[in-house]
Amino acid sequence: MTLYQPFLDYAISTLQQRLDLALYPIPEGFERKEGIMGKGKRQEAVLTTSHGFKSPKLRQIRAAHVQGGNSLQVLNFVIFPEPNYDLPFFGADLVTLPGGHLIALDMQPLFRDDPTYQEKYTKPVLPIFEKYQQDLEWGGDFPEEAQQFFSPAFLWTRPQKDEVVETTVFSAFKEYLAAYLDLVESASPVTDKSRLDEILKAQKRYLGYRAEKDPARGMFTRLYGSEWTEEYIHGFLFDLERKLAIAN
């Protein structure tokens, strides 16, 4: 079972068509990692692959794809803009566990409470959200501390059937990604020093939160150990602090 491979293939193909794409360096040991999950007859081989790209306006485009048979399928696909653009992040968390599917799609805002920012970056996406909200029911409460990082167009759902993921969710993923790339296309660099400081601060706040609260930490630790997991989280998945430290 490779439920999210078509999502990843589509994303990479679309990015290649629409952006001046280059490879983003993946630290040694992270491009491909194999492990075993479960015990006895319930053992499953698990493969984690990492994919990284960049473009002139986008600092890092990266995916972590976990394939563990029928009991575990994950695609975490995130786009981080260069910090001289006020673009939101593109975030897709697609998770399949024995109990069902957890799907999260969003243009994650830098400044959620700024009406001008929301007008610019959330309003264009709301019609897509409203279209799919009819078929993809709200997935229920999520942590209050996380709410600042999600937009009003946050598509959060828990479909029960694989078929819904393969059709409706996949269609929503395509439309969200296309809308995000439209925003990227029209984005202009920010030159105001104080605004640049605000953007970098907001990016660091988001990445710090994601690195600290990464829900995959437990899964990766069980599969590959804590040392590999922490290095993967801070050295690849959410690596802005590392990159800034090297630059300085």
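Does threonine 49 count as buried or exposed, and what is its relative accessibility? Let's find out in this predicted model.

**View 1. Threonine 49 sits in strand E3.** This strand covers residues 44-55. Threonine 49 counts as buried because its relative accessibility is 12%, and buried means under 20%. Looking beyond residues up to four places away in sequence, you will find threonine 49 touching Glu31, Ala63, Ala64, His65 and Tyr232. Its side chain also makes a polar contact, at 3.1 Å, with the side chain of histidine 51.

**View 2. Threonine 49 and asparagine 84 are 30 Å apart in space.** That distance runs from C-alpha to C-alpha. Along the sequence, 35 residues separate threonine 49 and asparagine 84.

**View 3. The largest pocket has a volume of about 900 Å³.** Count its lining residues and you reach 36, with Asp93, Val95, Asp214, Pro215 and Ala216 nearest the centre. By type, the lining has 28 nonpolar, two polar and six charged residues. Strands E2, E4, E5, E6 and E7 each supply at least two lining residues, and so do helices H5 and H6.

View 4. Within H5, the buried residues are Ile199, Ala202, Gln203, Tyr206, Leu207, Tyr209, Arg210 and Ala211. As you trace the helix, keep this in mind: an α-helix has 3.6 residues a turn, so residues three or four places apart point the same way.

Methods:
Residues are numbered from 1 along each chain as its sequence is written. This is a predicted model: local features need pLDDT of at least 70, side-chain atom pairs count only at pLDDT 80 or more; totals for chains, interfaces and linings use all residues. Side-chain values use heavy atoms; hydrogens and water are left out. On a 1 Å grid over the protein atoms alone, a cavity is a set of points where a 1.4 Å probe fits but cannot get out, and a pocket is an open set with protein on both sides within 12 Å along at least five of seven lines; lining residues have an atom within 4 Å of a point. Grid points are joined across faces, edges and corners, and a volume is the space filled by probe spheres set on the points. Helices (H or I, at least four residues) and strands (E, at least two) are DSSP runs, numbered from the N terminus. Ala, Val, Leu, Ile, Met, Phe, Trp, Tyr, Cys and Pro count as nonpolar, Asp, Glu, Lys and Arg as charged, and the others, Gly among them, as polar. Buried means under 20% relative accessible area, exposed over 50%, partly exposed in between (1.4 Å probe, protein chains only). Contact means heavy atoms within 4.5 Å. A polar contact is a pair of N or O atoms within 3.5 Å; within protein, one must be able to donate a hydrogen and the other to accept it, and residues adjacent in sequence count only if both atoms are side-chain atoms.
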